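Try each task before you read its solution.

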Amino acid sequence: CFEALGGNPLILSQAIQAARPAAGQTEEAAAILEELEGSSLFSAKVAIQDPLSLRCVAPIHGALLSALEGAEKAVEIELNSAADNPLVILAEERVLSTGNFHTASLALAFETLGLAIAQAALASVARFVQLTGSGRNGLPRYLSPAGGASAGFVPMQKTVTAIAAQIRHKANPVMLDAGVGGGRGSCDAVGACGAEMRRDARPLAPVDRLRNAGGGARYRFAL
């Protein structure tokens with residue numbers, strides 16, 4: 001999208017990222033810069049300020065990278081831990097009641113991941129609308145070779161907007177919907193990790209459709 005929209009690659013400068021090194025931002029900026037190596041954008045006349053969906057791509061994708069790493073770490077802890085209740089502690093020759101089965105950390109990690117996916121997808125939609133809109137960077141209006149009043153790719157804008165609505169809906173948090181349990185008072189705080197993790201895969205299908213609408217480009221540029 002940087003190439004197509006004539007984006008200013010200086011926004012990816014490491015000095016800018018170092019001034020506010022939000023999670024994942026420096027790594028993402030460096031990765032995109034590597035993809036743009038040899039691009040004519042570095043010598044071309046470009047805008048001082050690009051649209052936010054392009055100018056903020058490093059912090060947006062950095063947040064997604066950080067959320068993905070957080071979810072991966074939470075899963076690794078879960079897979080390599082004991083959630084038994086009661087728990088047999090051999091070293092101490094004791095059996096103790098625990099709350100290790102309550103996966104609040106895992107649920108929160110996947111809530112964050114779902115929101116990060118949605119944020120990146122919505123920025124992708126904004127860039128798609130810019131690309132297929134009023135003719136940025138010398139491109140024909142609506143990307144139509146006929147020009148003029150031809151609709152061109154405008155119908156596709158409606159498609160990606162509808163997909164974005166699906167992603168927003170599927171990314172809504174669910175862990176607070178668990179509410180208060182029963183169990184005669186012993187199970188009064190019920191987690192919703194199962195529902196959350198099942199929900200979290202749901203935004204991915206429309207994200208794939210969004211990538212296809214963008215021409216199947218590599219992840220960093222499709223989203």
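Helices (H or I, at least four residues) and strands (E, at least two) are DSSP runs, numbered from the N terminus. This is a predicted model, in which local features need pLDDT of at least 70 and side-chain atom pairs count only at pLDDT 80 or more, while totals for chains, interfaces and linings use all residues. Residues are numbered from 1 along each chain as its sequence is written, and side-chain values use heavy atoms, with hydrogens and water left out.

**Exercise 1. Find how many helices and strands the protein chain has, and their order.**

Step 1: the protein chain contains 10 helices and two strands.
Step 2: along the sequence they follow the pattern α-α-α-α-α-β-β-α-α-α-α-α.

**Exercise 2. Compare the reach of helix α7 with its expected span, then sort its residues into buried and exposed.**

Step 1: the expected span is 1.5 Å times one less than the number of residues.
Step 2: buried means under 20% relative accessible area, exposed over 50%, and partly exposed in between (1.4 Å probe, protein chains only). The buried residues of α7 are Gln157, Val160, Ile163, Ala164, Ile167 and Lys170.
Step 3: down the axis of α7, these buried residues fall within an arc of 145 degrees, so they line one face of the helix. The arc is taken from the directions from the helix axis to the C-beta atoms.
Step 4: on the face turned away from the buried side of α7 sit the exposed residues Lys158 and His169.

**Exercise 3. Locate the salt bridge and say how accessible its partners are.**

Step 1: a salt bridge is a side-chain nitrogen of Lys or Arg within 4 Å of a carboxyl oxygen of Asp or Glu. The structure holds one.
Step 2: arginine 94 pairs with glutamate 92, and their closest N and O atoms are 2.6 Å apart.
Step 3: arginine 94 is partly exposed at 42% relative accessible area, and glutamate 92 is partly exposed at 44%.
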